[in-house]
Amino acid sequence: TGDDKENDGASKRLPRISSKFDRMVGLSRLPSKGAPADVDNAIIHARELLRIVFAKSGGTDWLRNRDSNKKMADTGSSRKPTVTFSTRHRALRVAALLCSQTTLVKIIREDKLCSGTSLDPESVLMRCAYGSFVAKEIEEMGLTLPHSDLVQLSTMHLPSYARSLWRHHGFSECKGFRGRLFQLLIEMSIRQVSKIEFSFVSTVLSEMKVDTPRAMLASLNLVSVKYCEGVLDSSLKDNIRSALQKVTKAIMDKLTIEPSSTSHLEVLRTLSQLSHIHKNMAVEENDELNHFFLRLVEIVEKDVVDSRLNGDLLNLVVEGLSAFEASEARDSILGRVSKCEGGQQVIHRHIVQGDQNHVPPPLLAS
């Protein structure tokens, strides 16, 4: 179904929620290692890969010199080979693994791969790292791209482009990729701190639906991290919490009604993400956070899930509560945890031992 396609796409794109916002292309900053011959080979391969990335950009046509043209001539085919943005994106990732960022910039400068722009090669490389990701996502969703040139795409004003995508596709099912599109719009809108359009982010959040929970969780994680960092305007708080309440209720209800419909690891991963977002939004202990942890305890008390998951849920609850000062609400939840099987051991491990060592217990790893 469309929902399955969207959720699969979101899962592949974001295997694990992280507190770091940029999840696209990590350009290697490590120097190349190995014998000189190995370094030379890496540079040769990186040079070829960058020609793929910037094919037909700045006057460079990598395909013109490849064997594929000869094969076409031999077979009499008139079709010209094309380089998709998905291919460019993968090529850039591999090039970043082969060589340091400094080396990649040097190759771009020597081969004049971005001669059609006034930007310096380092800026172009960093922009194209994200631009190739955006273009790949739009291409894979079957939507139309405004340019075939990667450099032009990467230097566009991202919030304006996000608004354009919203106007054309925001009110359709987007070929089954609605949640994936909304996640991309959120990313594009908050990536550049100085250019965030809070009203647009608020609109997208309010239109998100719980039938695409993975994309919704990923989007909320991105927004909650920025909110926790003080980057987002406080006017977004209500919209974020409203969306968080909707997806939390949908996930918890499904877990209670259909406890066996999802694997143990998938349930734990999803609930860990929820806990991470709730804690980002809470900053300090609040009723919503306590209600979330209370729901988890109730699931354990009713014994509606696998016994192995019960222990993991208690760990999730106590680990989350251990980050906050003692309060009546917290003590009440911990009291219920202590009555569950294995609950006292979990409390001792996270609360008692943490206090004795005078070291704040670690937050749940995201």
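Me: What separates Y130 and F133 by about one helical turn?
Reply: Y130 and F133 are 3 residues apart in helix α6 (residues 121-140), so about one helical turn lies between them. Helices here are DSSP runs (H or I, at least four residues), numbered from the N terminus. The model is predicted: local features need pLDDT of at least 70, side-chain atom pairs count only at pLDDT 80 or more, and totals for chains, interfaces and linings use all residues. Residues are numbered from 1 along each chain as its sequence is written, and side-chain values use heavy atoms, without hydrogens and water.

Me: Why is the aromatic pair of Y130 and F133 called tilted?
Reply: Rings of Phe, Tyr and Trp (its six-membered ring) pair if their centres lie within 6.5 Å; planes under 30 degrees apart are stacked, over 60 edge-to-face, the rest tilted. Y130 and F133 lie 6.0 Å centre to centre, with 40° between the planes. By that rule, the pair is tilted.

Me: What makes the pair of W166 and F200 edge-to-face?
Reply: The angle between the planes is 85°, and the centres are 6.1 Å apart. W166 lies in helix α8 (residues 158-169) and F200 in helix α10 (residues 198-207), so the pair ties together parts 34 residues apart in sequence.

Me: Why does F200 count as buried?
Reply: Buried means under 20% relative accessible area, exposed over 50%, partly exposed in between (1.4 Å probe, protein chains only). F200 has 3%, so F200 is buried.

Conventions:
Helix = DSSP H or I, 4+ residues; strand = E, 2+ residues; numbered from the N terminus.
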